[in-house]
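Visitor: Hi! I'd like to go through this one with you. Where do we begin?

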Amino acid sequence: MQPDARQLKRTAIHEAGHAVMHYLERVPFESVTILADTVTGSDGAVRPRLGPLWLWDRQRPKTLRILMAGKVAEEFHTGRAVTRGCQHDLNLAGCIADELAEERSSDADGLLAAAYADARNRLTAASAWPAVEALAGVLVQRQALNARQAYRVIRQALSVTVVAGDDGPRMACS
């Protein structure tokens, strides 16, 4: 069954959230897609570039924020809490948070809450949100992008920043 236009846009926003957070965290990825995967049951995916194990170990806090970014983007877009569709992301984030909490003698729920808050603050900032929307728009049209194509869309959208003037905020090119 084909998803309707609204669901396709939500999936695009979700995956664009992950991809933009990858970019902001400087964690490379191979591709981003909103094509459904019948094997995993996901509506879309950002495929990370795999690196050495020691690098993965160091990037776990970044990975938590990246995993939360899809939910953050979808919630910001819809204005409602997301209750389904991101369970795989949340399960993986939970496993990583458990590992980190055990190593650091800290609280996994606290790590998840902090990762969510960090992702929300960075992704929904006036300087970053246009990149999510721009990438989602291209994903709705093309359904899949390689990293080079996605990075181009993200960089172009991030080149626009909010500048506060006497008459309030306005958009300006940097």
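Guide: With a convention on handedness: a crossing is left-handed if the near helix is turned anticlockwise from the far one by less than a right angle, and right-handed if clockwise. This is a predicted model, where local features need pLDDT of at least 70, side-chain atom pairs count only at pLDDT 80 or more, and totals for chains, interfaces and linings use all residues. Residues are numbered from 1 along each chain as its sequence is written, and side-chain values use heavy atoms, leaving out hydrogens and water.

Visitor: Okay, what's the handedness of the H1 and H6 crossing?

Guide: H1 and H6 cross in a right-handed way. (Helices are DSSP runs of H or I with at least four residues, numbered from the N terminus.)

Visitor: And at what angle do the axes of H1 and H6 cross?

Guide: Roughly 130°, with the axes of H1 (residues 5-25) and H6 (residues 129-142) coming within 8 Å. That makes H1 oblique to H6: under 35 degrees is roughly parallel, over 145 roughly antiparallel, 65 to 115 roughly perpendicular, and the rest oblique. The axes are lines fitted to C-alpha atoms over the stretch in contact, with angles from 0 to 180 degrees between N-to-C directions.

Visitor: Which residues meet there, in H1 and in H6?

Guide: On the H1 side, Leu8, Lys9, Ala12, Ile13, Ala16, Gly17, Ala19 and Val20; they meet Trp129, Ala131, Val132, Leu135, Ala136, Gly137, Leu139 and Val140 in H6. By type, the contact of H1 with H6 has 13 nonpolar residues, 2 polar and 1 charged. (Nonpolar covers Ala, Val, Leu, Ile, Met, Phe, Trp, Tyr, Cys and Pro; charged covers Asp, Glu, Lys and Arg; the others, Gly among them, are polar.)

Visitor: Switching topic: how many salt bridges are there?

Guide: The count comes to 6 salt bridges, taking one as a side-chain nitrogen of Lys or Arg within 4 Å of a carboxyl oxygen of Asp or Glu. One of them pairs Glu25 with Arg65, whose closest N and O atoms are 2.4 Å apart. Glu25 is in H1 and Arg65 in H3 (residues 60-78), so this pair ties together parts 40 residues apart in sequence.

Visitor: Are Glu25 and Arg65 buried or exposed?

Guide: Both Glu25 and Arg65 are buried, meaning under 20% relative accessible area; exposed is over 50%, with partly exposed in between, for a 1.4 Å probe and protein chains only. Arg65 is at 18%. Glu25 and Arg65 also belong to a salt-bridge network that includes Arg122.

Visitor: What else does Arg65 touch?

Guide: Leaving aside neighbours within four places in sequence, Arg65 is in contact with Met21, Glu25, Ala115, Asp118 and Ala119; contact means heavy atoms within 4.5 Å.

Visitor: So what about Met21, buried or exposed?

Guide: Buried, as Met21 has 0% relative accessibility. Met21 and Val132 are 111 residues apart in sequence but 9.1 Å apart in space, C-alpha to C-alpha.

Visitor: Back to charges. Which residue does Arg60 form a salt bridge with?

Guide: Arg60 pairs with Glu103, the closest N and O atoms being 2.7 Å apart. Arg60 is in H3 and Glu103 in H4 (residues 87-104), so to speak distant parts of the chain, 43 residues apart. Arg60 counts as buried at 4% relative accessibility, while Glu103 counts as exposed at 53%.

Visitor: And where do Lys71 and Glu75 lie?

Guide: Both are in H3, 4 residues apart, about one turn of the helix. Lys71 and Glu75 form a salt bridge with closest N and O atoms 2.8 Å apart. Lys71 is buried at 14%, and Glu75 is buried at 13%.

Technical notes:
Helices (H or I, at least four residues) and strands (E, at least two) are DSSP runs, numbered from the N terminus.
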